[in-house]
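User: Hello! Could you walk me through reading the interfaces in this model, one feature at a time?

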Amino acid sequence: MAEANVVLLDFWPSSYGMRVKIALAEKGITYECKQEDFQAKSSLLLETNPVHKMIPVLIHNGKPICESLNIVQYIDEAWNHKPSLLPSDLYKRSQARFWGDYIDKNVYNSVKRVWTGKGKEQEEHNKQFIECLKTLEDELANKPYFGGEDFGYVDVALVPFTSWFYTVETFGKLSIEEECPKLVAWAKRCMQKDSVATSLPHPHKIYAFALQYKQRHGLE
Amino acid sequence: MGEVKVIATPQSFPCARIEWALRIKGVEYEYLKEDLANKSPLLLQSNPAHKKVPVLLHHDNPIAESLVILEYIDETWKENPLLPLDPYERAQARFWAKFIDDKCVFGVWGATVAQGEEKEKAIDAALESLAFIEKEIEGKKYFGGEKIGYLDIVVGWMSHWLNVLEELGEIELLTAERFPSLHAWSHNFIQTPPIKDCIPPRETVVEYFSFGINYVRSLEASTKS
């Protein structure tokens with residue numbers, strides 16, 4: 001039975017929501033998940049995130065926490081049993097935060113531009129997206145996870161976007177595996193973890209969602 | 001705790017944040033002044049992803065992004081804690097820090113550079129973002145409570161740099177009538193040592209921002225014509 005005192009406001013295709021689900025699963029925290037409808041936002045969402053009115057929102061003992069990486073850090077600190085999501089070494093911790101911030105500033109926008117783009121801008125959007133992934137692939141280098149031997153904060157920050165790779169490849173007409181094989185291998189490695197496999201929707205479901213979105217917004 | 005260097009420029013408020021934090025903690029550091037028109041190999045090597053200041057070097061290990069650096073400083077040097085200890089309070093502080101950098105900074109900058117029809121809308125967006133911060137400081141001496149904390153350092157640009165942007169953009173945002181608590185805080189903050197020791201002369205900030213404003217406006221003009 002889900003703990004009544006942990007509630008997650010979510011929207012299933014959101015990579016940001018997936019981050020929180022992975023973190024909660026890593027820590028073995030049970031929670032109630034409420035799906036939001038962006039056409040009709042619940043009063044609970046508007047009340048708990050009046051500033052942005054966006055998911056994800058984690059409500060712990062009635063107190064809301066917003067912004068996905070902020071929530072992930074909160075989960076790590078409020079439930080400070082193992083596994084730790086942030087490294088204990090202070091310098092490595094700063095690097096984890098740096099890359100989390102880099103992913104926040106670059107990945108979502110570059111992903112969206114590829115699958116909603118068209119015409120002559122498509123090539124430029126594809127190029128920027130691949131460049132962003134290559135920067136991250138360089139940072140991963142030959143480590144199994146971004147944090148090293150253990151799955152952690154940066155992996156949590158990035159892996160949800162891999163559920164969008166099929167969508168990006170189909171609309172962008174590109175192959176991520178060809179361009180960034182190490183990153184694709186890393187994604188497969190992450191998917192072997194229960195916390196990730198149970199938190200990411202099937203890529204085809206994401207594609208169907210994206211298709212519907214494009215039709216609704218006249219973006220074909 | 002080892003040798004500390006800061007790659008920075010005096011006019012940049014993200015750089016000021018780092019100096020304020022180090023001074024509050026009583027940490028000695030070497031200031032490496034960067035010429036942004038001619039970036040040093042050390043900067044490019046230390047922050048290849050963004051190539052920006054500030055960068056903190058601790059035992060020659062580089063850390064970039066001012067909010068990331070602030071947390072590192074707070075965790076490494078335990079005197080005069082900047083972030084609250086309680087996880088929920090920390091989450092609130094981090095939330096507002098991100099909001100300030102994403103919405104307030106860009107909102108005020110947007111209102112400054114906007115011209116013509118877009119200006120009023122940009123001003124409204126900036127005012128809306130400041131209204132949230134006003135609510136956060138109401139009834140408090142500092143965002144950190146009785147002492148300067150993380151959020152005061154993050155909002156610190158509003159005590160000096162904001163006014164320069166208002167003047168250059170010919171706008172009025174942070175007034176005592178509109179935001180009495182934030183206005184009072186900004187006057188108090190800038191006079192508190194060690195904050196006031198790292199405030200660059202106004203003329204240098206005017207020059208720094210003027211260059212950026214003209215550049216953005218000329219870019220916009222060339223894309224429209």
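Analyst: Gladly. Domain bounds here come from an automatic or database domain assignment. For chain B, that assignment gives domain 1 (4-76) and domain 2 (87-214). This is a predicted model, so local features need pLDDT of at least 70 and side-chain atom pairs count only at pLDDT 80 or more, while totals for chains, interfaces and linings use all residues. Residues are numbered from 1 along each chain as its sequence is written, chains are lettered from A and ligands numbered from 1 in the order in which they are written, and side-chain values use heavy atoms, leaving out hydrogens and water.

User: How many residues of each domain of chain B take part in the contact?

Analyst: Contact means heavy atoms within 4.5 Å. Domain 1 of chain B gives 16 residues and domain 2 of chain B gives 23.

User: How do I read the buried area?

Analyst: The size of an interface is often given as the accessible area lost when the parts come together. Buried area here uses a 1.4 Å probe and is summed over both parts. The two domains of chain B bury about 1,700 Å² between them, 70% of it on carbon and sulfur atoms. Of the area that domain 1 of chain B buries against domain 2 of chain B, Gln11(B), Phe13(B) and Trp20(B) supply 41%, more than any other three residues.

User: And which salt bridge partner does Arg94(B) have?

Analyst: A salt bridge is a side-chain nitrogen of Lys or Arg within 4 Å of a carboxyl oxygen of Asp or Glu. Arg94(B) pairs with Glu71(B), with the closest N and O atoms 2.8 Å apart.

User: What about the interface between the chains?

Analyst: Chain A brings 26 residues to the contact and chain B brings 25. Together they bury about 2,200 Å², 64% of it on carbon and sulfur atoms. Val51(A), Tyr91(A) and Phe98(A) supply 25% of the area that chain A buries against chain B, more than any other three residues. There are seven salt bridges between the chains; in one of them, Glu77(A) meets Arg90(B) with the closest N and O atoms 3.0 Å apart.

User: Last one: how are aromatic pairs read?

Analyst: Rings of Phe, Tyr and Trp (its six-membered ring) pair if their centres lie within 6.5 Å; planes under 30 degrees apart count as stacked, over 60 as edge-to-face and the rest as tilted. The count over all chains is 30 aromatic pairs. Trp164(A) and Phe209(A) have ring centres 6.2 Å apart and planes at 90°, so this pair is edge-to-face.
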